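Subject: Structure for you to look at

Hello,

Here is the structure I said I would pass on. Please open it first, then read the notes below with it on the screen.

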Amino acid sequence: MKIKTERVIIVTFLIVMLIIPAFCTADAPLPIRLLTGEAPESMRIVLSAPEVRKMSQFDDARTAQLNRLIRHLALDVTLGRDVSRTGILIDQQEILSWIQKESGNGNQKIYSFDPSSVYTEKQDTAEETGNDSLVDFLERDLIQSGQYLDAFYSLFEQAPQAFAERVRNEKTELRFSGFGKAIRRITIPFPANYVQESFPKALADAAESETLKKTISGLSFSGSQKIGLLYDENGKIVRITYDGTVGKTPETLRKVSMIWKCLREEGHVKDSITLKTPAIKGADKDNVVLERDLLEPAGEEAGNYSWDIQIDHRAGKEDRKQTHFSASLSETDAAFSGKIEYSVKRDGENPRIQIIPEIRKESNGEYKGTLEIADYSGKIEKDDVLIHIQLQTGESPSWPAAEPDPETGNREQETPEDTIAGIIIRKLFELPEEDIEYFSHEIPTDLWLELIQ
């Protein structure tokens, strides 16, 4: 019984707490189409051969032991539009997998070791979990913001036709460095009585994106609103402004003020947005400054892609958070390189992640390379990991037509996470003894011999 208990402790602590999270934080930085939310219907991502270059709590000998162990591990993920598939591999042999999809109740999963059951896990929001991870930021803020930028640009582009009876035209002469010279101004005012009678439906109807229609339809508007558009001599929008009182509910109204400088040319997209959203009552706010410049390669010129996003969040007197994301990537001869940084200042802490990608497009259309991920506390480097990455289009995973029975997850037996850890540890113990020395650290000799036999 003692041996079994010790084995569970080793499995849970060493595998779940040390090895698996390293993969979870490394699956974010992908080539440009993933960062902009324009990925194909299905994308396959393989993360393999991780190497710890520095771990603050380990000396060189301990780090070498860990590297001999984790070099055998790989993660194979296929992201479809609605369903994803994840496989865990040891020495290129898949030992377990699961498929997953979102449902109204949370994430549904079917595991290879229990194919007759569907496990449903509640999907907490970032607000509920207080999660500031880079993965959550990329999915929730960067990728989603890119998709919304395109949808909102289309909405504002169509606004003069959608609200033709409210348009006011006048000449102007304003120059914006990097965006062009404006010679015409259009103002579209919405008085309070019109907003009360027609919003949000009138604004949602002008949107082309179904996602944006749904988002706008769920908002509350109060008082007068105003759209401002500046055009250059070619009729292209140079700047967009929006002013009004908007909230997710009538009780959480914000005074919204947006200034959006924009450039839309063949092979070149550029945005500079300042969004201020102070609450009508109290000190709450979510202010955003977003810079985006995506220049595709042309001829012998390299492609350059950059983002800089700063979010200042305040909720009440105690909750204050400042988030900063920056990325500068270049594409030369089908090779991507650059630097990505993400930091969060909150509760006196300032964790920071730096990622250095080196990825090249192969002749068969695959992308292969490495990601170096360094974890900092302020300016002090704590951990540094190098991991190999492979990207390619793949076949979309499918959910079973005959769905298995639902599983509540409340059975009096081990959880899927426990089962996963158990499968991994059993397979790892089949490796050569010199590659699993990591597990023997500070374990009594008699117990270690019992574990590996």
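Two strands count as paired if DSSP finds at least two bridges between them. With that in mind, β10 and β11 are joined by a hairpin through five residues. Please note that this is a predicted model.

Overall make-up

The protein has 10 helices and 20 strands. Of its 453 residues, 44% count as buried. The protein exposes about 24900 Å², and carbon and sulfur atoms supply 48% of that area. Take the contacts between residues at least 6 apart in sequence: 50% of them join residues at least 24 apart.

Strand β10 covers residues 237-247 and strand β11 covers residues 253-265; the two run antiparallel and are joined by nine bridges. Which residue in β11 stands opposite G244? It is V256.

β11 also pairs with strand β12 (residues 268-276), again in the antiparallel sense and over nine bridges. Here M258 has L275 in β12 as its bridge partner. The hairpin of β11 and β12 has two residues between the strands, and in this hairpin G267 takes a positive phi near 80°.

When you follow these strands on the screen, remember that in a regular strand the side chains alternate between the two faces of the sheet.

Backbone exceptions

Most residues other than glycine have a negative phi, and most peptide bonds are trans.

Start with Q92, which is not a glycine but has a positive phi of about 70°. Where is Q92 placed? It is in the loop between β3 (83-90) and β4 (93-103). Is Q92 buried or exposed? Its relative accessibility is 73%, so Q92 counts as exposed, the cut-off being over 50%.

D347 is not a glycine either, and its phi is positive at about 55°. This residue lies in the loop between β16 (335-346) and β17 (351-361). D347 has a relative accessible area of 65%, and therefore D347 is exposed.

The remaining case concerns a peptide bond. The bond that joins F199 and P200 is cis, with omega at about 5°. P200 is in the loop between α6 (192-198) and α7 (201-205).

Regards

Notes. Residues are numbered from 1 along each chain as its sequence is written. Side-chain values use heavy atoms; hydrogens and water are left out. Helices (H or I, at least four residues) and strands (E, at least two) are DSSP runs, numbered from the N terminus. Buried means under 20% relative accessible area, exposed over 50%, partly exposed in between (1.4 Å probe, protein chains only). Contact means heavy atoms within 4.5 Å. Accessible areas come from the Shrake-Rupley method with a 1.4 Å probe; for residues, only the protein chains shown count as cover.
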